[in-house]
Amino acid sequence: ALVKTLTARGYLYASDKLIFPTRRLLDAAARVLAADPLLARIRPVLERIQRDTGETAVCGKRLGGDVLYIDVVEGSYPVRFAAEIGALKPLHSSSLGKACLSLLRPSDYAKLVAKLPMDAVTANTITDRQRLAGDIELGRQRGFFRTVGENVSDVLGLAVALRVDGEGVGIAVAGPIERMRDNEEQRLRTLREATAILR
């Protein structure tokens, strides 16, 4: 019924049992995206992080037991962390996920983490709930969250947790481990300075 309605209104068309979106659907989505006040504030921050580091900048928001990438600005290096808007990553294995977890009240955190599968995404993923809690507490104390090969084996991610217009989000910069380690202080400084305008 939904497909028939969207087709009748010009948002989809069918061809040989396949269904495709029309330009009208894309235009409607673009208007919705342009009107999103959260993304309007975050996009310039991600662009600045990418410009000043050359690395990929990502904004994520918790969606159940995952972190959803709500905006991405790809790095400019030929070898870089590749991320896609709309991707879902486990909360426990990424710097963005840990940043989002840190924003939860203790009781909500305990309930959520008790249900997480805590699967090993890579050999470096923290799969123990107590170790995860310790890592998140360390991130709170130092003001940023760090993962080294926990979600993607050769990527180092740095993230901060923020509330933007009441919405809890994480903003991260990520790239190949060796390059990120060699430039970690600069990457972290840029991340903190760029996100300061959102606080």
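Where does threonine 190 lie? Threonine 190 lies in helix 8. Helices (H or I, at least four residues) and strands (E, at least two) are taken as DSSP runs, numbered from the N terminus. The structure is a predicted model, in which local features need pLDDT of at least 70 and side-chain atom pairs count only at pLDDT 80 or more, while totals for chains, interfaces and linings use all residues. Residues are numbered from 1 along each chain as its sequence is written, and side-chain values use heavy atoms, with hydrogens and water left out.

Threonine 190 counts as buried, at 7% relative accessibility. Buried means under 20% relative accessible area, exposed means over 50%, and partly exposed lies in between (1.4 Å probe, protein chains only). Neighbours within four places in sequence aside, threonine 190 is in contact with Ile49, Asp52 and Thr53. Contact means heavy atoms within 4.5 Å.

The overall layout was examined next. The chain has 8 helices and 8 strands. Its C-alpha trace spans about 55 × 40 × 35 Å along the principal axes. The chain holds 199 residues, and 45% of them count as buried. Among contacts with a separation of 6 or more, 56% come from residues 24 or more positions apart. The accessible surface amounts to about 10,800 Å². Carbon and sulfur atoms make up 54% of that surface. Accessible areas come from the Shrake-Rupley method with a 1.4 Å probe; for residues, only the protein chains shown count as cover.

The chain carries 30 positive and 24 negative charges, and their mean positions are 5 Å apart. Lys and Arg count as positive and Asp and Glu as negative, while His and the chain ends are not counted. Each charge is placed at NZ of Lys, CZ of Arg, CG of Asp or CD of Glu.

Side chains of opposite charge can pair when their charged atoms come close. The structure holds 16 salt bridges. A salt bridge is a side-chain nitrogen of Lys or Arg within 4 Å of a carboxyl oxygen of Asp or Glu. One of them pairs glutamate 193 with arginine 48, with 3.6 Å between the closest N and O atoms. This pair links distant parts of the chain, 145 residues apart: glutamate 193 is in helix 8 (residues 184-195) and arginine 48 is in helix 3 (residues 37-53). Glutamate 193 is partly exposed at 40% relative accessibility. Arginine 48 is also partly exposed, at 28%.

Another salt bridge joins the side chains of glutamate 55 and arginine 187, at 3.0 Å from N to O. Here too, distant parts of the chain are linked: glutamate 55 is in the loop between helix 3 and strand 3 (56-63), and arginine 187 is in helix 8, 132 residues apart. Glutamate 55 is buried, with a relative accessible area of 0%. Arginine 187 is buried as well, with a value of 3%.

Arginine 146 and glutamate 184 form a further salt bridge, their closest N and O atoms being 2.6 Å apart. Arginine 146 is in strand 6 (residues 145-148) and glutamate 184 is in helix 8, so this pair ties together parts that are 38 residues apart in sequence. Arginine 146 is partly exposed at 25% relative accessible area, whereas glutamate 184 counts as buried at 17%. Salt bridges with shared partners also join Arg48, Arg51, Asp52 and Glu193 into one network.

Helix 4 (residues 95-102) is mostly covered, with 8 of its 8 residues buried. Lys98 and Cys100 are among these buried residues.

Two residues other than glycine have a positive phi. Methionine 118 has a phi of about 55°. This residue sits in the loop between helix 5 (106-115) and helix 6 (129-142). Methionine 118 is buried, at 5% relative accessibility. Aspartate 165 has a phi of about 50°. The loop that holds aspartate 165 runs between strand 7 (155-164) and strand 8 (167-176). Aspartate 165 is exposed, at 51% relative accessible area.

On the surface, Tyr13, Leu18 and Phe20 form a nonpolar patch with about 290 Å² of accessible area together. Patches are made of residues with over 30% relative accessible area and no salt bridge; like charges are joined within 9 Å, and nonpolar side chains (Val, Leu, Ile, Met, Phe, Trp, Tyr) within 5 Å. Tyrosine 13 belongs to strand 1 (residues 12-15). Its relative accessibility is 43%, so tyrosine 13 counts as partly exposed.
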